[in-house]
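These entries record what I looked up in the structure shown below. I began with the overall fold and then turned to individual contacts.

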Amino acid sequence: MSTPVPVPRAAVALAPRERRVKDMLQRIEATVAELRHRHTAVTFQVVARTAGVSRTFLYENPEARKLIEVARERGEGASRPERHHGSEAETAWRERALNAEDRLKTRTRRSDDSAPAWASCSVRSATWRPAGRTSR
């Protein structure tokens, strides 16, 4: 009777990562297809935001990078105006709004950000007295 061969520990550790990467690649592919369908410019930033992946992943993963570059080489979406959302000015406005929203989401709060506005006043302003009133 033979004993089963144990699975290498490295393979066990890498399996979840491989599943995550495969899932991200599927989301990227679906996002690129949707952008092409809507005739929207396929950019790394838009794909990253829509697919929920980092731009670093898009640039460093060869398969993800190839999906985007192939769509860009075909010129799908980049040169055509977006049909569903109006003019180029509206598209630019929407992009700026989404970028601002991303910056707000990633902004880290300092511990003193939650304090009320009056808590940051200086000692000098805390001792201010109205004109005409003097202490002797």
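This is a predicted model: local features need pLDDT of at least 70, side-chain atom pairs count only at pLDDT 80 or more; totals for chains, interfaces and linings use all residues.

**Entry 1: Overall fold**

I counted six helices and zero strands in the protein chain, taking helices (H or I, at least four residues) and strands (E, at least two) as DSSP runs numbered from the N terminus. Residues are numbered from 1 along each chain as its sequence is written, and side-chain values use heavy atoms, with hydrogens and water left out.

Along the sequence I read the pattern α-α-α-α-α-α. I noted that buried residues (under 20% relative accessible area; exposed is over 50%, partly exposed in between; 1.4 Å probe, protein chains only) make up 21% of the 136 residues in the protein chain. The accessible surface, by the Shrake-Rupley method with a 1.4 Å probe, comes to about 11200 Å², of which 54% belongs to carbon and sulfur atoms. I then examined contacts (heavy atoms within 4.5 Å): among those between residues at least 6 apart in sequence, 61% join residues at least 24 apart.

**Entry 2: Helix α1**

The 29 residues of α1 should span 42 Å, and the end C-alpha atoms are 43 Å apart, which agrees. I also found a kink of about 30° at Ala-15, shortly before the proline Pro-16; the bend is the angle between axes fitted to the seven residues ending at a residue and the seven starting there. Just after α1, His-39 takes a positive phi of about 60°.

I listed the buried residues of α1 as Val-21, Met-24, Leu-25, Ile-28, Thr-31, Val-32 and Leu-35. Their cover includes α2, α3 and α4. Leaving out residues up to four places away in sequence, Thr-31 touches Val-47, Thr-50 and Ala-51.

**Entry 3: Nonpolar core**

I defined a nonpolar core as a set of buried Ala, Val, Leu, Ile, Met, Phe, Trp, Tyr and Cys residues joined through side-chain atoms within 4.5 Å. Which members of the largest nonpolar core touch the most other members? I found that these are Ile-28, Val-47, Phe-57 and Leu-58, out of 18 residues. At least two residues of this core come from each of α1, α2 (44–51), α3 (55–60) and α4. The most come from α1, which gives six.

For Leu-58, I again left out residues up to four places away in sequence; its contacts are Ile-28, Phe-44, Val-47, Ala-48, Val-53, Ala-64, Arg-65 and Ile-68.

**Entry 4: Salt bridges**

I found two salt bridges in the structure, each being a side-chain nitrogen of Lys or Arg within 4 Å of a carboxyl oxygen of Asp or Glu.

One joins Asp-23 and Arg-27 at 2.8 Å, N to O. These residues are four apart in helix α1 (residues 9–37), about one helical turn. Asp-23 is partly exposed at 34% relative accessibility, and Arg-27 is partly exposed at 30%.

The other joins Arg-65 and Glu-69 at 2.9 Å, N to O. Both residues lie in helix α4 (residues 62–73), four apart, about one turn of the helix. Arg-65 is partly exposed at 30%, and Glu-69 is partly exposed at 30%. I noted the general rule that an α-helix has 3.6 residues a turn, so residues three or four places apart point the same way.

Conventions
The expected span of a helix is 1.5 Å times one less than its number of residues.
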